[in-house]
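Hi everyone, thanks for coming.

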Amino acid sequence: MSYSIGIDLGGTKMLITLAGRDGAIIAQRQYLTSAEGGTGGPGEILLRMHQYVLELLASAGAEISKLDKIALCVAGFYEHTSGNMLSSPNLPGWDNFPIKQELRNLFKLPVVVENDAAAAAYGEYLFGAGRGKRNMVMITLGTGIGGGLILEGELYRGGGFAGEIGHIPVLPGGPLCGCGRRGCLEALSSGTAVAREGRRILQQGRERGAILRQVAGDVDNVQAEDVFKAAAKGDEDAASVVGRAAYYLGLGLAAVVNVLNPELIVAGGGMAGAGDSFLKPVGGYLFQFAVEPSAKMVSLVPAMLGEEAGIRGILSLPGE
Ligand SMILES: [Zn+2]
């Protein structure tokens with residue numbers, strides 16, 4: 001029996017999975033990415049990752065000599081040709097870090113690294129909502145907006161950074177994005193953007209967003225989830241925030257649909273969890289903005305694998 005290790009490395013937590021050769025998950029544990037009092041730098045995080053992998057193996061009675069690869073997915077601009085992490089918004093201090101080589105040095109095993117949304121796209125394509133489709137776009141709607149492309153049955157990377165749907169410019173001169181530019185889709189339709197607009201409404205006075213104020217409790221701590229909840233309960237101000245996020249997401253996805261003519265768009269992440277109340281208006285705007293033949297062909301559906309999508313995808317790619 002041989003095993004693989006799959007790791008989903010995020011800004012706050014890392015999910016480590018021991019899988020069998022067929023991809024079946026044998027054991028899985030979640031850890032905090034940064035240790036208390038630690039530097040949060042890549043050297044320290046990789047050392048703890050190594051230790052966690054050994055712990056997980058020991059708990060499952062598996063030996064490190066039986067591992068065939070380390071498969072890591074991570075948010076950020078990962079360059080395939082060099083194996084370097086160029087920058088990651090969630091992992092400060094990881095700029096130009098040779099992550100692939102460092103993992104090889106640490107584990108002495110073949111390694112595969114992929115952007116988290118690209119890995120999630122591959123997971124949904126093989127095992128989830130995208131099964132049986134040849135051309136599929138994945139969009140992850142969380143604190144940021146990620147994207148991954150499956151074209152003609154293959155994960156498409158372009159020069160390494162393809163699928164950055166969250167950074168499609170949809171409002172020139174609009175709000176500042178984490179990437180440093182203005183008016184990106186992520187700055188208008190992500191969970192962070194929805195929460196920011198919700199806060200803005202409550203700051204405009206007590207007559208605005210009455211239900212949102214009740215749901216959120218603390219004006220300074222409005223979450224995207226609160227805005228969705230308030231909108232569902234009939235708060236018109238919250239509904240207008242959700243509507244605006246849906247509008248720009250439909251606009252951005254229309255550009256994707258016009259260029260790629262996919263059969264399917266799979267929406268994952270926390271905001272897709274709001275279900276039809278969000279995806280339906282997004283689909284409406286998408287249909288309104290995209291060219292008609294492509295708009296008629298595409299379906300927008302929720303993802304099926306939840307947080308497992310990235311791990312399932314990355315474990316299916318060969319190490320080297
Ligand atoms: Zn951006």
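Helices here are DSSP runs of H or I with at least four residues, strands are E runs of at least two, and both are numbered from the N terminus.

Before going on, some housekeeping. This is a predicted model, where local features need pLDDT of at least 70 and side-chain atom pairs count only at pLDDT 80 or more, while totals for chains, interfaces and linings use all residues. Residues are numbered from 1 along each chain as its sequence is written, and side-chain values use heavy atoms, with hydrogens and water left out.

Back to α7, which spans residues 224-232. Which of its residues are buried? They are Ala224, Asp226, Val227, Phe228 and Ala230, where buried means under 20% relative accessible area, exposed over 50% and partly exposed in between, with a 1.4 Å probe and protein chains only. Those buried residues pack against α5 (191-203), α6 (210-216), α8 (236-260) and α9 (276-289); contact means heavy atoms within 4.5 Å.

Now the domains. The assignment gives domain 1 (3-115) and domain 2 (129-303), with bounds from an automatic or database domain assignment. Taken over C-alpha atoms, their centres are 29 Å apart. Seven residues from domain 1 and seven residues from domain 2 make the contact.

How much area is buried between domain 1 and domain 2? About 610 Å², with carbon and sulfur atoms giving 61%; this is the accessible area (1.4 Å probe) that two parts lose on being put together, summed over both. On the domain 1 side, Phe77, His80 and Glu114 lose the most area to domain 2, together 60% of what that side buries.

The rule finds one salt bridge across this interface, meaning a side-chain nitrogen of Lys or Arg within 4 Å of a carboxyl oxygen of Asp or Glu. Arg157 forms a salt bridge with Glu114, and their closest N and O atoms are 2.8 Å apart. On the side of domain 1 that touches domain 2, β5 (77-79) and β7 (111-115) each supply at least two residues. The largest share, three residues, comes from β5.

Last stop: Ser88, in the loop between β6 (84-87) and α2 (99-107). Is Ser88 buried or exposed? Ser88 is buried, because its relative accessible area is 7%. A polar atom of its side chain lies 2.8 Å from the backbone oxygen of Ala75. Leaving out residues up to four places away in sequence, Ser88 touches Ala75, Gly76 and Asp95.

Technical notes
Polar contact = N/O pair within 3.5 Å; in protein donor to acceptor, adjacent residues only side chain to side chain.
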